[in-house]
Amino acid sequence: MILRSVIMVVVVVVVGILSSASQALRFELQSGHTKCISEDIKSNSMTVGKYHVVNPNEAYPLPDSLKFAVRVTSPQGNSLHTAEKVETGQFAFTAAEDGDYMACFWAEDHSPQIIMTVDFDWRSGVQAMDWSNVAKKGQVDVMELELKKLYDTVTSIHEEMFYLREREEEMQALNQATTSKMFWLSFLSLFLCLSVAGIQFWHLKTFFEKKKLI
């Protein structure tokens, strides 16, 4: 009974964390401007995104002027999703490489200027899974479903730790390489300065000797 209570507490905490981390992002988009959002995604991770314009007046249909374009790109700049003159849409893909994936929204220039509100929900990894379908397909009860969420979350955290460790090692190697290059560049700059100073000294000495000043 105590173990079940502990499990319930852990599940509630994890579900709370997942819920807070999965909230949609709401931002304002001005006509003639671009808004970009990046997400650091690991390779082979599933990611899904949904976006739509918030109707400022729900009593009336959404005006045609409140439409925008969207483009999702990989760290290498490859286009993964594009849409133009839309008010809602979604995308889903499996990341082929590690890095920052970019979702850019932009609206055509309009006079007078229009400001629209966009809801954007971008999830990856465990958060991108459709748990309702998992429950239906697996025919599991609520407790088993929450435990499966907990297990997948722990697995995701474990993989994230190794991913962050690899990124840290890459950054350390980059810092060491940059420090080494800066050292040799400083040494070369000092050598050039001393060489120029020596040449100037030799030139002045030769000039004064010709003039018989020294």
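Six bridges join β1 to strand β8 (residues 115–124), and the two run antiparallel. Leu29 stands opposite Met116 in β8. This model is predicted. The β1–β8 pair belongs to an open sheet of four strands. Another open sheet of four strands has β2 and β5 at its edges. Residues 182–204 are 100% helix.

**Sheet with β1 and β8**

- The strand order is β1-β8-β3-β6, with antiparallel pairing.
- The edge strands are β1 (25–30) and β6 (88–94), and each of these pairs on one side only.
- On average, neighbouring strands in this sheet are turned by 20 degrees against each other, direction ignored.

**Sheet with β4 and β5**

- In this open sheet, four strands follow the order β2-β7-β4-β5, and the pairing is antiparallel.
- Its edges are formed by β2 (34–41) and β5 (79–86), each pairing on one side only.
- Five bridges link β4 (residues 68–73) with β5 in the antiparallel sense.
- Thr73 has Ser79, in β5, as its bridge partner.

**Span 182–204**

- An unreviewed UniProt entry carries the annotation "transmembrane region" for residues 182–204.
- In the model, this span is 100% helix and 0% strand.
- The C-alpha atoms at the ends of residues 182–204 lie 33 Å apart.

How values were computed. Residues are numbered from 1 along each chain as its sequence is written. This is a predicted model: local features need pLDDT of at least 70, side-chain atom pairs count only at pLDDT 80 or more; totals for chains, interfaces and linings use all residues. Side-chain values use heavy atoms; hydrogens and water are left out. Two strands pair if DSSP finds at least two bridges between them. UniProt positions are given in the numbering used here, feature names are shortened, and annotations may be inferred rather than shown by experiment. Axes are lines fitted to C-alpha atoms, for helices over the stretch in contact, and angles run from 0 to 180 degrees between N-to-C directions.
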